[in-house]
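Please look over the sequence and the model first.

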Amino acid sequence: MTRPVLFALLLLPLVAHAGNLRYAEDQAPALLNPVYGSSMAEARASELLFEGLYTDNQELATRPSLAESSELMPDRLSMIVSLRTDVTWHDGQPFTADDVVFTITAMLDKASASTEYGRVAWITSAEALDAHRVKLTFARPELHPEDKLFFKIVPKHLFSGLPLKRSDTFRTKPVGTGPWRLTQFNEDNSISFKKHGDHRNATGIDEVTLREVADKNYQAKLVLYESLEALVRVLPRDIAMLQNNRKVELYPYQTNSWWYVGYNLNRPGIANSQVRKAISALVDVEALLAPVGTGARVSGPFVPSSPYYNHDVPLTQADAEAAEAAFVAGGLTRIGEAWTVAGKPVVLTLVAHQSLESVQEVTINLQSQLQTAGIRLEVQFLDDAAWKERVWRNHDFDLMLSQWTFDRNEDIREQFHSQGSRNFVGYKNPEVDLLLDKARDAADPFVRKATLREMHAKIAVDQPMLFLWTLDSYAALSIKVGNVVIHPFSFFTFAPQWKMK
Amino acid sequence: MGGASRWAARLACMHVVSALVSCTGDSPEPPAGKTAIDRSWMAEIVKNPEAFTTRVQGSREGWIALHANDWRGAVAAGGDPAARAHAELERFHRVLAALDAEAWRRLGTTWQDRSTLPADSLLAWFVGAALLDSGRDTEAAAWPSGAPLDPAIAARKALHDKIRAGTLGLASLPAAEPLRRESVEGGVRELPDPWRLRTHARVDAAATTPPLDATLFSGEIGVTLTLPAPATDGVEDGEACRVAVRALDVDLDVWRLTASAAANDDGRALLEDLQLTEGTRARLLVDRAVAALDTGRPHCALALGQLALDHEAPRVIGPINSPTLFAVVASAHLHVGRPREALDALDVLAADWPETAGVDETLNTLVVLQGMDRRGDSRE
């Protein structure tokens, strides 16, 4: 099918109901169970459907959501959370303490293999005292435990028990307590949501539609043609077009998001630090970034405006001579144009998620840079299921191209601690583990800041990843949508206050 | 070639010299029925490009720098634009100084709210000093004050006093932060100089003389941007500010089309090369954003700042994005409770404005403090 025809089809559902907000995702989430969240598209949709005990107010300070109040015990080792009594699930069932206990237990359950384990690992037990009171017990004294109770709650009555499975039918029939309820997954991969009539807060938007628009080149045009009201991320090349259109407004928002090429340290050759150093020295990162958009290069696992970013750590530079020396030190031999090990040319496999923005431009460019220098790179684009299987579960790759997006806490423990659940590259450095522990336990912000900057420097030396860049993030919204305040991570947290004109 | 470069080339090539009219306020009375924009310096440039060329020829480098929001460059070039550049610098540093004081206040109160403000630290004294220096005496009274206990701090304060009095130059102020280091278990607390930015603002203010060309490349084009009244109940209507800008944009779009159609080739070229409407719009919005901040309307200031930004080059200072724009956005973000976003705006200033290092660190510490008990989330 030709592109113009595709575009025409995308325009078909032109007639929007008043009060309907349609937004685009590159790929619609196939799974809407917050116990297994992994992508930003899922996080955004979850924000419409589900709620946590606590959430952010517009000043990004903690405020109760499903909780009504809480009492921290004097020893700070437990707290009692009193729940709201006016909350119902989208199927009409009442929300109770059992749901909270079930959610926490499921996330902690090793057999359930929740991606959210790290967010509840500090809780040792959850107990329902009555229908609307929960007692939480902690591993260590906590100063402000409500700050950690943002994870989404799922309904116990829709699961048959533990362990939970990623394949549970709940994934496509999610029921939450949030301001919108899911009405259906549509054949065109769009997802429809309607206002949850029993929700305690009125919303200015009756319906929300998540439209999958895989070709990002069309997303901006769909906003201009009024087939969408919102883009969560605008391609840099579309910014000029949208900036000059009076029906649309751009909203810059801060995301702690950075791109990287991960080295699989479980692979013998790549475990050699000289080899990693050599590969990194072959890459001209500026040349990779140029076609992707505006942004800033990063030298480590934070964005440059982060309190934890260490500005003394230099950016990697393409340096063919340094790469050659490092390859030789790493035991490789150059035969003709190719670098070899035991007489065989080095061939590396790079995996990338197929929906990663500009993934083809970046990988082709990277492939070309390495090929020119004598390293063959085989690229595999994976769909979501294959990505989870290959990267998240089996760690089956040589190199991976991806990005991480963090909320404002920029907590990289899961990515870089040797026990981290998202440490897909298999990075282990006892010193870094200690620094991560020290940062977590620090009572003084100056100490935490300095500790994580020190850790940044150590990780940059180890190079478990080639850190690439952070991109400027823009949302675009039709001027028909008013009162827009965007949450920098979850995007839709304040959408109930948005107004459709 | 960028707009500024093209303009520079054009200035070098244009030879037509005619009487001064446009930029000094002595232009002929406009015909009845003209809009405010039609009577502005911006319109005069498009209508009388030769006069404009003549006007700026005497201080060409300075005007080019001022147009690009390179204020230090304009000061260095001297001539008429230098006074305007000093005024811009004064406002920029004033906004930053206010931001710095607010960052100190929030750091102190947030820490105090956690009941862990370290008793052995001079941090509380620094909070008081920053607030006192910015004229927030009532709030400063809640914090320790008096003569600095530490001789090094007392010496720094005396140095600031001398610079502000004109006895010493700004160059005598050590550039490096921090002013004070305190040992703490597991690390060091580093407290930046709480007076630095206000001293910069004072020095800039002293150098500001009545500008000869009061409005050229300013946001003053006679347009009144009607913004909602200052919030009295703490609830602000940021959306109303966006609506006001949309109305302004309609006027500017109409003016641009009609002015372009009426202009000769040189006038049209200047309209495009100088990015006249875009740059003027941005300056006007920044002016109003500063006013909104000064009158307690940070949501409005934030909306105006975001709408002023050149999104095609969001991290580049140039004819559209001025340093004050980023200072305003940072300050507005802090006032609406988003210090992490304020850091993003300040990051743009870090390389060229080293005096922002202190306020950047204070905000860094505040952000870390606010997240001390949080458990982060991350997604691919």
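Predicted model: local features only at pLDDT ≥ 70, side-chain atom pairs only at ≥ 80, totals over all residues.

Residues are numbered from 1 along each chain as its sequence is written, and chains are lettered from A and ligands numbered from 1 in the order in which they are written.

**Chain B overall**

- Chain B has 17 helices and three strands. Helices (H or I, at least four residues) and strands (E, at least two) are DSSP runs, numbered from the N terminus.
- Of the 380 residues in chain B, 53% are buried. A residue is buried if 20 or more other C-beta atoms lie within 10 Å of its own, exposed if 12 or fewer, and partly exposed in between, with C-beta atoms placed from the backbone.
- Take the contacts in chain B between residues at least 6 apart in sequence: 66% of them join residues at least 24 apart. Two residues are in contact if their C-beta atoms, placed from the backbone, lie within 7 Å.

**Domains of chain B**

- Chain B is assigned domain 1 (3-67 + 215-337) and domain 2 (84-207). These bounds come from an automatic or database domain assignment.
- The contact between them takes 10 residues from domain 1 of chain B and 11 residues from domain 2 of chain B.
- On the domain 1 side, helix H15 (residues 323-335) of chain B gives the largest share, eight residues.
- That side of domain 1 has seven nonpolar, three polar and no charged residues. Here Ala, Val, Leu, Ile, Met, Phe, Trp, Tyr, Cys and Pro count as nonpolar, Asp, Glu, Lys and Arg as charged, and the others, Gly among them, as polar.

**Where chain B meets chain A**

- In this interface, 41 residues of chain B are in contact with 58 residues of chain A.
- Five elements of chain B each supply at least two residues to its side: strand E2 (187-191), helix H11 (238-262), helix H16 (339-349), helix H17 (357-370) and strand E3 (378-379).
- The chain B side divides into 10 nonpolar, 11 polar and 20 charged residues.
- B:Asn364 lies in helix H17 of chain B. B:Asn364 counts as buried because it has 25 C-beta neighbours inside 10 Å.
- Leaving out residues up to four places away in sequence, B:Asn364 touches A:Pro307, A:Lys449 and B:Leu343.
- B:Asn364 and B:Ala342 are 22 residues apart in sequence, with 9.7 Å from C-alpha to C-alpha.

**Two helix pairs in chain B**

- Two packed helices are described by the angle between their axes and the distance between the axes. Axes are lines fitted to C-alpha atoms, for helices over the stretch in contact, and angles run from 0 to 180 degrees between N-to-C directions.
- The axes of helix H9 (residues 151-165) of chain B and helix H10 (residues 196-207) of chain B come within 9 Å and cross at roughly 15 degrees. H9(B) and H10(B) are therefore roughly parallel. Angles under 35 degrees count as roughly parallel, over 145 as roughly antiparallel, 65 to 115 as roughly perpendicular and the rest as oblique.
- H9(B) brings B:His160, B:Ile163 and B:Arg164 to the contact, and H10(B) brings B:Thr199, B:Arg202 and B:Val203. By class, this contact has two nonpolar, two polar and two charged residues.
- The axes of helix H13 (residues 276-294) of chain B and helix H14 (residues 298-308) of chain B come within 8 Å and cross at roughly 165 degrees. That makes H13(B) roughly antiparallel to H14(B).
- Residues in this contact include B:Leu285 and B:Ala289 of H13(B) and B:Ala301 and B:Leu304 of H14(B). The contact of H13(B) with H14(B) has 12 nonpolar residues, one polar and one charged.

**Two buried loop residues in chain A**

- A:Gly300 sits in the loop between strand E14 (295-297) and helix H10 (320-329) of chain A. A:Gly300 is buried, with 26 other C-beta atoms within 10 Å.
- Beyond four places in sequence, the contacts of A:Gly300 include A:Asn310, A:His456 and A:Phe467.
- A:Phe95 is in the loop between strand E5 (78-83) and helix H3 (97-108) of chain A. A:Phe95 is buried, with 23 other C-beta atoms within 10 Å.
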